[in-house]
Amino acid sequence: MNENLHGIMAEFREPEQLLNAVRAAYEVGYRKMDAYSPYVVEGVAEALGFKKTRLPLLVLLGGIAGAVTAYAMQWYSAVIDYPLNVGGRPLHSWPAFVPITFELTVLFAALAGAIGMLALNGLPKLHHPVFNAPQFKRASQTRFFLCIESDDHNFRLDEVRDFLQSRNPISVTEVEK
Amino acid sequence: MNAEVEEPLVASGYDSASVTQKITDIVLKCPLQRGWLGGFAFAFILLMLFNFAIAWVLSKGVGIWGVNIPVAWGFAIVNFVWWIGIGHAGTFISAILLLLHQDWRTSINRFAEAMTLFALACAGLFPLLHLGRPWVFYWLLPYPDTMDLWPQWRSALVWDVFAVGTYLTVSIIFWYIGLIPDLATMRDRAERKPVQLIYGVLSLGWRGSARHWKRFHMTYLLLAGLATPLVLSVHSVVSTDFATAIVPGWHSTIFPPYFVAGAIFSGFAMVLTLAIPIRKFYNLQDFITIRHLDNSAKVMLATALMVSYGYISEGFMSWYSDDKFEIYMTLNRMFGPYAPAYWLLIFCNVIVPQALWFKRIRTNPAALFIIALLVNVGMWTERYVIVITSLHRDFMPSAWGIFHGTRWDWMTLIGSFGLFATLFFLFLRVLPSISISEMRDLVHKKSESSK
Amino acid sequence: MPQLFERRANAIARATLIAVPLVVLGGWAVLLAFARSDFWTGVDSPVEQPVPFSHQHHVGGLGIDCRYCHTSAETSSFAGIPPTETCMTCHSQIWKDAPLLQPVRDSWQTGRSIKWTRVYDLPDYTYFDHSIHINKGVACASCHGQVNEMPLTWKTNQLYMRWCLDCHRHPEKFLRPINQTVKMNYQAAPNQRPLGRQLIIANHVHTDGLADCYTCHR
Amino acid sequence: MSPLTGIWRSLDHLERPGDGSEEMQHREFPEGASELSDEWSRRQFLKIMCASIALAGTTGCTRQPLERIVPYVRQPEEVIPGRPLYFASALTLCGFARGVLVETHEGRPTKIEGNPGHPASLGASDAFMQAELLTLYDAERSQAVIHESQVSTWDLLLGELAGAAKKWQGNGGAGLRLLTRHETSPTILDQIARLLVKYPRAKWHEYDPLATELAAPRYHLDKAEVIVSLGADFLSAGPASLKHAHDFTLARQPKSTMNRLYVVEATPTLTGAMADHRLVMRPDDLEDFARTLESGTGSKVAALIAADLHEHAGRSLVIAGECESAVVRDAARRLNQTLQNVGATVDYPAAGRNSARNLQELVTDAHAGEIDTLVIIGGNPNYDAPADFEFGTLLPKIASTIHLGLYRNETGVACRWHIPEAHELESWSDAAAFEGSATIIQPVIEPLFAGRSRHELLAALLEEPFSSSYEIVRAFWQKRHAAPDFEQFWRKALHEGVIEDRSAAAPASSPPPNPPPPRSAGLHLLIRPSAQMLDGKFSNNAWLQEFPEPMTKMVWDNAALINPATASRLKLENGEVVDLKFRGRSVRAPIWILPGQAEDCVTINIGYGRTSSGSIGNGVGFNANTLRLSDAMWGGSGLEIGKTGKHHDLVTTQQHWEMEGRDQVRVGTFAEFQRRPDAIAKSAELPPRKDETLYPNVPDNGRAWGMAIDLNTCIGCGACTVACQAENNIPVVGKEQVGRGREMHWIRIDRYYEGDPANPAIFHQPVPCMHCENAPCELVCPVAATVHSSEGLNQMIYNRCVGTRYCSNNCPYKVRRFNFLEYDENHFEKPPTRKLMRNPNVTVRSRGVMEKCTYCIQRISAVKIEAEKANRLIRDGEILPACAQACPAGAIVFGDINDPVSHVSRLKASPLNYGLLAELNTRPRTSYLAKLRNPNPELEQI
């Protein structure tokens, strides 16, 4: 069979079709597949067997890092490195250290979230096989796609095509690597 | 919101295709209109005026402004606070309303966020220009210097640096993340290769994978969750620039909430000031419907009431505190040399918004537009009153003085509109000014519910 | 739909995303390092003078005391640059016609001063007083280095504030017995720190407030 | 110190006359200045600061420009580079010497202080004395001999004089006239005497616009318990004012007794502000008052005051103003005699009349054409002579007119010859103090502009072989003190700065007698010297132009002062320009409404409206001399005011004069004080107790600097303001900037009124930085540019300041000043001479940084270093901030408040001590002593 095959892609008009197709494919036993849609379709990801993401944890860690960095920096510089008598206030004026601690917490958390999202999504990925699909342009506009990939362990070209055809898509195409 | 009386969020007869087309065509298809060119040219002229004013103040010093002793803070700070305030609506709409599941935010959050960024850009400039020696601004940042010195963490100005810096960064991230799917759409709808390439790079190769969508949404929610306290904190920190001082009229515990309310108030005013012309100009009445205007107006009304409460409690507290300095300051605000400014702000921020109690006015774009403009003026005046009248007569009568903005002050203020408008006009031309993916979602949900 | 980008675009894109922050940070680090470099601060690079005066010869070779020329080092904020007269006390007798010394003789005849170039040049807003340092056991060499080994004169420290602070916060690291302050051949004691602590008492060094801003800035 | 300092280069200097300017530019003490050439490196520095935008992230990496060190060729043995030298000399006011100590750095005078050993200054100074320094360095002083408005030379003048001399030898000097200001210099008087012997028919005239009373009485205010001033501003005007202020405050201390001061005057003065009872009346009413005071009958008030005087016979004193009519002055004198005050509190020295004739005679002779050569030595008669003399029209009538003066002023311009005069700090001379003791005036710097001394000109007239001023003066004193110990005498005289030699008793000048003004309704004109310009002598002095007038707080202008009631009656308002018509002459002047001014009295100050003063003084204010008549030198009745509908912006440094019940100045009576000493200071809101705080008590390093300002003795003269300006390189910013509220003075004098605007109580309060222990300014600075020192100083670090100006907003006292522009490069600070005058121990602040009072940290450091070197403690009073040193009333005291016996600690322990706005819990280190009044209880009832 074609070594240069990325997978087989079906194009649907309605999100519900996609959702059902994915559920079915999963039951059949396909795992290495992905769905593409112009906006988020509830349930598809779960149907693909994608349960939970580690993003929240990343964000939490980022936040903690920010808080610690901020407070440590302020405490060290004001108490240890160059203690100065500022208006008779204590060197360790912790209430005054809170705002910056808060801000850096948010900053680090946000950065962690954004970078984490890109990293986990493997973005940027300017070149991707699915773009080879002629009609894939519409994936970002109106249509819904399901692509069952060739490296799935029970990928059989004909079975997959038949399976997808059975979900009455607009079209079914082979996607080159 | 009970649906039967509610105006729809999107006019009927739209599916994701037409939505996509209508929004992307503004950028990709429709030719340069005369209106856009004219507006841009005017904005650009103002921007050049801004540059000139900045060049002059950098070469001569802040002495060209009206600032003096006792009124050592002038327009620069007033403009800073004003712009920052305006910069609050965007994040408020996209973050807080998102968490509150207000899906009417959908069609206005994109350019509200853009507005936030451009407002922050203007705001960010003023503290720098305000400095006596702008070329050493970086001494406010912590870094290993040759003097073993650090910023003075007890100063609210340092908090400001971090607050505004964080807010700017997070807003950009939030905005950009939200843009990615739309950039992909642009990439796929663009005809010309270079345009495709540009949007292609910017969209980072987004392909709408379900897993990606999942993480995308998660991130978007998390960011919203982070931005919500942030947006509240930023203007609170800005308010501490005043509240941590001992100056009568500044030293007040109500400042943080009262500043935040004021910020959102002025923010929504600016949203309307922009939305109403845009929807007309690009015939987006179907997306930015009367309902959006109505809701925004409601938010304005609510925040206007909070701000009014702020004014009242300020007056009450100064009487209640029985502090001779506070009392004098309050009376001086109302009846002193700057009384006209005070009554102007009361008129714009307290009296005028009362009109928004009436649906007829809330749903009348023209009226709303005028009210929004008045509120913008009113909020600027409020900051002017807070800064100037508090300073010009504080503790030592012997040191009392008066402040007048010079023509350079006004040039810098007006010029900053130029910067804001220029950026905004460019934004309209190169980016989808309404979130396409979210609109699709909306249209979809709508068709669902109609089924 | 044809691919908009080739395969390698992915690698390039990721590389740039990682490179940009690295370059920015790196550049900043380089800038910081440069500011502290001897090249920028001019440490160890001889300063051109109207007369190529050799401390090595006069101090190291002839063993002339610092204070013979820098007369006010012990009494005034300014250590003093010798008037032409001082040079002529010897050079009216020896090296009378050395071409190198022509500027000195000119100055002596015309009554116009020799214009030396500063080697240790503090900013105008920083006030340093030689006398108090000498009188409290801070040696000439502590700041000026082994001038007795300098054929031409250069500075041996960067004169950054943190450098001043180092001694103002921990004088014990540098103090000498007062009678050793002008000695060029002084060997730092192995037990400098404990010795230093004793010297703080012995030399009546009041350490509190040494790091006050007003100690140096007015 | 070497007496030769002044002349060690003057011989080679002689060969090159008239190249002052060139000298200035290129040879400004290259030998002397073995230190950085300041102004250059500073400009460079600014540029590089700007460049550092590019280098963000690497402070301190602004590479220093190459700087030169310029050593001496031959180092004067008394000079130690980096250490100042002090010379005792004297400056004259109306001709009378006031001893000074001049601080010089490498040959550059940088500060003037009073000479503690001198009877007329007692170590104190006033604004004029302080500001002389600026005049010395004024690049607009005349720099070349001018003949027929062409640059000429001294030698050519000598030639012309030689020609004239032949004629004079023939006719005994007929037609030769000498016009001087009031002269007390023994040497000058001697030279003139010899000239008059040589040319018996030559005549000498003296004219001084502020001529002091013939044989001025000498007051001993320390001995007087009840003082009545009849229009006399003895505390702040005249050559003895410093002594008066000093003695007055001695008797003002609230001990078992405290002196009582009645002041009767028409226009508010500093003396009036100090009064326990201030009676406001027109000059003609004042005469009646004087009479009733004598008779003890008449008005009840007068009777009560008279009674008080008689109660204190022998311990009382009546002082008549020099501007008052003979009637008043004679009354005062008779009163003092009947009260047996003469010999106790006042002496009337024998009228040592000198042979000078007055200006009147000169004018008559000139019109009679009897004068062919008029030599004007100093002065500016063409500007300040009485208007009816028409001096301007008279000068051209004289064949040869020669003017010697510091400036080519109105007179210099009108004379055929003008010779630049050497400043008193540039040349040798001598002068007598008000009470007769002489002082050798020794120069502290080479003549900057090749000026000539009066001695040299007189010597030339005497056709004596050239000898320097030094030789002339020394020769005179050798003759006067012909003794073998002359050398010691001479050195002692120079070192002490005063010669106990009454034989040089000051012959006072002949005053313009003021006839009793004819009674008449209508407005009364009062012409008074200016507290800033004096008689115009200082009109090109930017420090004094920007020195707030003590009563009006006005700068860069003079005005027609008028009482509120009169103003409202005539519908006049501040700044309205009016025509003042007085006996057929008129002048345009802006109105200023002044509380405490007598009704229907208009006061105008002379010294303004100059036309040939220089770029600073020209066209500032209006010329009051145009209304000054020889028979009404100090004004008179018959003034009319005509409206013009024009307006002139008048600028003051204080707009609001009410205290708004905030107790800045706390006042009580002596009686209250005796009953409950602490009642007065505690009359207002009290600060929180020391332990009412969440903050840790910051330990200091043993010393804690503090300051106490005694409002009871402060007379509000403002000497501190100018002294501070001189000491701390404080820039002048000009009228426009002051108008915008940007004056730079580190210590200001606040003036408050209380009560009836017709005759309010007037308070003065000096306000420097309070050096708060809980300093609000420090808390808000984002870059730690202002923080606390271990000795409790509120440090301001200019080079760290980024200029957010938050500290100023948060300073309740508003004592911080900001460099809104590059003031160091403005018109007043730019001239190269100004750079020489800088105090090398104080940083010159660049644009965009905050600055404020430092308690004169440079002086603290200097003393600390000396004490440390000697391993000794700092003595109490060893450190004197400039303001404290200048204050004639000793009202400002500085020291260590940790030392319980230090003067400042004792003052702070006084029950009168209170902190300004201390209820804000700022814990100011500068505190005030409440003001006491000692009113006459019976008079209170009326």
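Figure 1. B:S398 is buried, with a relative accessible area of 2%. Buried means under 20% relative accessible area, exposed means over 50%, and partly exposed lies in between (1.4 Å probe, protein chains only). The model is predicted: local features need pLDDT of at least 70, side-chain atom pairs count only at pLDDT 80 or more, and totals for chains, interfaces and linings use all residues. Residues are numbered from 1 along each chain as its sequence is written, chains are lettered from A and ligands numbered from 1 in the order in which they are written, and side-chain values use heavy atoms, with hydrogens and water left out. B:S398 sits in the loop between α13 (365-392) and α14 (407-430) of chain B. Helices (H or I, at least four residues) and strands (E, at least two) are DSSP runs, numbered from the N terminus. The side chain of B:S398 makes polar contacts with two side chains of chain D: D:R748 at 3.4 Å and D:Y752 at 3.2 Å. A polar contact is a pair of N or O atoms within 3.5 Å; within protein, one must be able to donate a hydrogen and the other to accept it, and residues adjacent in sequence count only if both atoms are side-chain atoms. Leaving out residues up to four places away in sequence, B:S398 touches D:T653, D:Q654, D:H656, D:R748, D:D750 and D:Y752. Contact means heavy atoms within 4.5 Å.

**Figure 2. Packing of α9 and α10 in chain B.** Helix α9 (residues 290-321) and helix α10 (residues 324-335) of chain B pack at about 145°, with axes 8 Å apart. Axes are lines fitted to C-alpha atoms, for helices over the stretch in contact, and angles run from 0 to 180 degrees between N-to-C directions. From α9(B), the contact uses B:E314, B:G315, B:S318, B:W319 and B:S321; from α10(B), it uses B:E326, B:I327, B:T330 and B:R333. By class, the contact has two nonpolar, four polar and three charged residues. Ala, Val, Leu, Ile, Met, Phe, Trp, Tyr, Cys and Pro count as nonpolar, Asp, Glu, Lys and Arg as charged, and the others, Gly among them, as polar.

**Figure 3. Strand β23 of chain D and its two antiparallel pairings.** Six of the seven residues of β23 (residues 576-582) of chain D are buried. β23(D) pairs antiparallel with β26 (residues 637-647) of chain D over seven bridges. Two strands pair if DSSP finds at least two bridges between them. D:F582 has D:L639 as its bridge partner in β26(D). β23(D) also pairs antiparallel with β24 (residues 585-593) of chain D, over six bridges. Here D:K581 is bridged to D:S586 in β24(D). The hairpin of β23(D) and β24(D) has two residues between the strands, and D:R583 takes a positive phi near 50°.

**Figure 4. Strand β17 of chain D, covered on both faces.** In β17 (residues 417-420) of chain D, D:W417 and D:I419 on one side and D:H418 and D:P420 on the other are all buried. In a regular strand the side chains alternate between the two faces of the sheet. Strand β5 (residues 146-147) of chain D pairs antiparallel with β17(D) over two bridges. Strand β16 (residues 400-405) of chain D runs parallel to β17(D), joined by four bridges. D:W417 is the bridge partner of D:H147 and of D:I402.

**Figure 5. The antiparallel β2-β3-β4 sheet of chain D.** Three strands form this open sheet, in the order β2-β3-β4. The edge strands are β2 (85-93) and β4 (108-114), each pairing on one side only. The twist averages 35° from one strand to the next. Six bridges join β3 (residues 96-105) to β4(D), and D:V102 stands opposite D:I112 in β4(D). Helix α4 (residues 127-136) of chain D lies across β2, β3 and β4, running at about 165° to β4(D).

**Figure 6. The parallel β12-β11-β10-β13 sheet of chain D.** Four strands form this open sheet, in the order β12-β11-β10-β13. Its edge strands are β12 (277-280) and β13 (316-320). The twist averages 10° from one strand to the next. β10 (residues 226-230) and β13(D) pair over five bridges, with D:I227 opposite D:L317 in β13(D). Helix α9 (residues 283-295) of chain D packs on the sheet, touching β10, β11 (260-265) and β12, and its direction makes about 145° with that of β10(D).
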